Amino acid sequence: QVQLVESGGGLVQPGGSLRLTCAASGFILDYYAIGWFRQAPGKEREGVSCISSSDVYTYYADSVKGRFTISRDNAKNTVYLQMNSLKPEDTAVYYCATDRSPASCNSAEYAYWGQGTQVTVSS
């Protein structure tokens with residue numbers, strides 16, 4: 001079955017960096033789109049970054065563009081979100097998700113989800 005296991009979250013100071021990792025199993029990673037989403041308390045879940053199957057399209061939310069990078073290593077069945085220059089407003093639970101052909105980087109388009117990992121940016 002499709003399974004996504006996330007790691008790499010934690011507490012970091014403003015301006016710091018984290019790399020989130022999502023280990024995938026149960027499907028051929030390159031044939032699926034991958035998304036990173038986040039949800040802060042009182043906020044809707046939002047798409048942070050998504051990448052299509054075969055890396056044809058890549059999306060970044062305006063709020064993270066230039067700071068975050070999504071990537072995948074298909075040989076390792078692993079997806080990454082490199083987060084640099086972190087800000088307090090980046091604090092949220094971060095989720096990786098996948099689906100075969102989502103129409104957009106919207107959480108409703110993704111069927112399979114990891115468990116989430118907490119990212120807290122604070123002094």
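How many helices and how many strands does the secondary structure of the chain come to? The chain has 0 helices and 11 strands, where a helix is a DSSP run of H or I with at least four residues and a strand a run of E with at least two, numbered from the N terminus. This is a predicted model, in which local features need pLDDT of at least 70 and side-chain atom pairs count only at pLDDT 80 or more, while totals for chains, interfaces and linings use all residues. Residues are numbered from 1 along each chain as its sequence is written.

Four of these elements are described by an open sheet of 4 strands in the order S1-S3-S8-S7, with antiparallel pairing, two strands being paired if DSSP finds at least two bridges between them. Strands S1 and S7 stand at the edges with a single partner strand each, so one side of each is left without a neighbour in the sheet. S7 pairs with S8 in the antiparallel sense over 6 bridges, and the bridge partner of Phe68 in S8 is Met83.

| Strand | Residues |
|---|---|
| S1 | 3–7 |
| S7 | 68–73 |
| S8 | 78–83 |

As for the whole chain, its C-alpha trace spans about 40 × 25 × 25 Å along its principal axes. Buried residues, meaning those under 20% relative accessible area (1.4 Å probe, protein chains only), make up 43% of the 123 residues. A compact globule with 123 residues would have a radius of gyration near 14 Å, and the chain has 13 Å, which agrees; this radius is taken over C-alpha atoms, and the globule rule is 2.2 Å times the number of residues to the power 0.38.

Key:
Heavy atoms only, no water. Buried < 20%, exposed > 50% of the residue type's maximum accessible area, 1.4 Å probe, protein only.
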